[in-house]
Amino acid sequence: MRLAVNQQSMKASSSAARFLLRPTRWLIYAALATSALFFLVPLVVVLLNSVRTAQEIGLGSLIGWPSVFAWDNYVQAWSSYCIAQRCDGIRMYMGNSLAMVIPATIVSTALGALAGYSISLWRFRGDSIIFAVVIMGVFLPEQMKLIPWALVLRDLGLSNTVGALILIHTVQGLSFTTLFCRNYFVGIPQDLMKAARVDGAGYFRIFWRIVLPLSPPILVVTVIWQFTGIWNEFLYGVTFTTGVQQPVTAALIAISVTAPTDVPQYGIQSAAVLLAALPTLLVYFFGGQYFLRGLTAGAIK
Amino acid sequence: MAALSVRGVHKRFGPVEVLKGIDLTVENGEFAVLLGPSGCGKSTLLAVVAGLERPSAGTVEIGDRVVNDIEPKDRDIAMVFQSYALYPAMTVRRNITFGMECRGVPKQKQSEAVARISGLLQIDGLLERKPAQLSGGQRQRVAMGRALVRDPLLFLFDEPLSNLDAKLRVDMRTEIKQLHQRIGTTIVYVTHDQIEAMTMASRIAVMDKGEIQQFDSPETVYNRPANLFVARFLGTPPMNTVPARLARDGDSLAAIVGAGQPGAATLPLPTQTAVAARAYMDRDVILGIRPECISDGAKRAADIPATRIEAEVEVSEPTGAETIVLIRIAGVRLRARVAPDIKLRPGQSASFSVDTRTICLFDPQTERLIA
């Protein structure tokens with residue numbers, strides 16, 4: 001019996017090996033490798049330049065292997081490089097971005113979960129119209145909302161503050177977070193809601209005790225989506241804040257401005273770009289698997 | 001005291017009227033079954049009683065208290081759902097105590113209640129598991145436990161057995177009936193399964209198209225169906241309902257099946273039926289007779305008057321315990337039930353004995369029971 005199984009598995013593995021040797025198989029791998037390389041080139045160039053000195057890049061080309069590893073680029077980019085006449089590096093702007101992204105992500109996710117719960121599980125008159133209106137926010141280009149936001153921020157006295165960006169990203173994020181959560185929660189059987197109502201649970205208790213414990217997959221998806229979206233956002237950051245209030249995406253533009261007489265500091269600039277991209281990369285590495293799973297997950301049974 | 005009385009309840013969903021004037025009174029301690037085909041409104045009626053849906057018109061009283069404006073949780077009811085509706089993220093214990101937690105019952109009382117109920121339903125060993133780790137039958141028990149722990153005035157069951165496999169369903173049916181006999185609490189039970197209804201109910205409300213067609217004991221609903229819908233809905237196979245003509249038969253009346261055709265069968269009516277149907281003399285009626293009342297006659301006791309008829313066999317369907325035979329009398333098709341050892345070939349002519357005591361007559365226009 002065991003012998004037969006072994007023979008079978010040997011047969012299976014040898015057929016897999018034969019399959020790997022087929023020319024079509026190699027074509028597929030070659031195509032995949034080429035496209036992977038194509039997409040990775042910019043990242044590789046930036047990675048390499050971030051540890052090359054300005055002289056080396058200036059004398060040679062933008063593409064090349066570092067002769068010495070200039071780790072100092074990262075130190076300078078972080079704490080002493082001059083951006084718009086301030087020589088403190090990007091750390092302050094990173095701080096601004098964190099101060100913006102953390103509350104905006106948490107609040108927009110929390111409100112989106114509550115809104116999605118209300119729309120999907122508590123049917124009320126006009127619920128589908130309200131949902132349609134909320135979802136419209138997903139399709140509105142952000143340029144369209146610049147002027148209205150400028151007026152709102154002026155009236156609230158929030159112009160040129162991190163608070164302004166928190167408010168904007170929280171409100172704008174609601175469309176997405178509501179959509180995500182609503183689509184997940186419609187998979188929760190109505191009978192659960194009925195049972196909970198007969199048991200005597202109200203709106204918030206059902207949310208807290210029954211719906212939220214089922215929600216980690218969609219909450220992870222929503223948090224990743226909001227975090228990366230808000231962190232990478234540029235237009236509102238550069239429009240509504242200046243100087244020391246700017247998020248790092250806006251400050252990175254200032255970093256690339258070099259006086260005509262100076263040597264362009266490509267090494268330090270590359271290091272700054274990578275530092276600015278680090279938080280979203282980390283979020284993706286730690287949550288990416290949930291993200292892929294969560295987007296395809298539907299029903300809760 | 002009536003545990004439940006529903007008066008003139010209508011329910012509309014937009015233009016669709018799902019309940020068209022329901023009147024229903026369930027006495028204390030009764031096991032009332034709402035039975036009907038899917039879409040007849042039985043589950044909606046239950047949801048209205050539970051307070052999960054508001055009636056468009058009419059009143060609902062539970063224990064002599066009008067509850068129209070009272071929330072489900074304050075109606076003194078407990079409900080078991082078809083899908084069980086166990087809270088997936090909670091253990092069995094939490095599922096059972098959740099209602100008490102909502103009502104602020106002290107922890108000590110909660111654990112006493114869990115101990116009592118889990119003993120009663122034999123789910124002691126499952127208390128720390130999550131619903132996903134339970135089999136269908138175990139989930140069913142937990143769902144019952146969640147309802148039982150409340151000790152309500154009224155239990156509502158919404159097709160609780162329809163997700164179980166056939167064998168388990170039979171076991172649970174017996175268990176629910178025993179449970180009812182032990183605790184004696186009033187039950188309103190929705191099902192589309194007539195065997196469940198017949199075996200468990202003290203009274204069956206047969207529903208169709210948003211109306212209650214008949215509300216009576218299982219025996220009456222089965223033997224004296226109020227109209228043709230009930231006659232044709234209950235029984236597997238259902239009651240034969242065929243055109244017949246009433247004619248004088250000595251001092252009494254007889255129903256003639258296939259009147260005017262060669263081979264017509266004359267079935268004398270019992271006195272009671274004949275008296276009630278006098279007005280239909282020489283008129284066409286619909287005759288209803290259960291398949292088990294047309295048999296081979298061998299097992300009939302001698303003291304039961306039987307009428308013998310000659311019929312042609314069309315199809316013979318053995319089921320093991322009995323054989324269902326489709327027969328033809330003067331062009332009219334009827335089903336009969338015979339003992340399994342009787343072999344009948346299609347096309348063969350055979351003699352059957354008819355137990356005429358349970359013949360029902362229906363008015364062909366109103367479709368209502370005449371007698």
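Let's start where the two chains meet. Chain A brings 15 residues to the contact, and chain B brings 17 residues. Keep in mind that this is a predicted model.

Which elements of chain A give two or more residues to the side that touches chain B? They are α9, residues 190-199, and α10, residues 203-211, both of chain A. The largest share comes from α9(A), with seven residues. Now look at the classes on that side of chain A. Nine residues are nonpolar, one is polar and five are charged.

Next, a pair of helices inside chain B. Two packed helices are described by the angle between their axes and the distance between the axes. Take helix α2, residues 92-103, and helix α4, residues 136-148, both of chain B. Their axes come within 8 Å and cross at roughly 25°. Angles under 35 degrees count as roughly parallel. So α2(B) and α4(B) are roughly parallel to each other. Their crossing is right-handed.

Who makes the contact? From α2(B), we have Val92(B), Asn95(B), Ile96(B) and Gly99(B). From α4(B), we have Val142(B), Gly145(B) and Arg146(B). By class, this helix contact has three nonpolar, three polar and one charged residues.

Last, confidence along chain B. Its mean pLDDT is 91, and 98% of its residues reach 70 or more. Which element of chain B has the lowest mean pLDDT, and which the highest? Helix α9(B), residues 271-276, has the lowest, at 88. Strand β3(B), residues 31-35, has the highest, at 97.

How values were computed:
Residues are numbered from 1 along each chain as its sequence is written. Chains are lettered from A and ligands numbered from 1 in the order in which they are written. This is a predicted model: local features need pLDDT of at least 70, side-chain atom pairs count only at pLDDT 80 or more; totals for chains, interfaces and linings use all residues. Two residues are in contact if their C-beta atoms, placed from the backbone, lie within 7 Å. Helices (H or I, at least four residues) and strands (E, at least two) are DSSP runs, numbered from the N terminus. Ala, Val, Leu, Ile, Met, Phe, Trp, Tyr, Cys and Pro count as nonpolar, Asp, Glu, Lys and Arg as charged, and the others, Gly among them, as polar. Axes are lines fitted to C-alpha atoms, for helices over the stretch in contact, and angles run from 0 to 180 degrees between N-to-C directions. Angles under 35 degrees count as roughly parallel, over 145 as roughly antiparallel, 65 to 115 as roughly perpendicular and the rest as oblique. A crossing is left-handed if the near helix is turned anticlockwise from the far one by less than a right angle, and right-handed if clockwise. pLDDT is the predictor's confidence in each residue, from 0 to 100.
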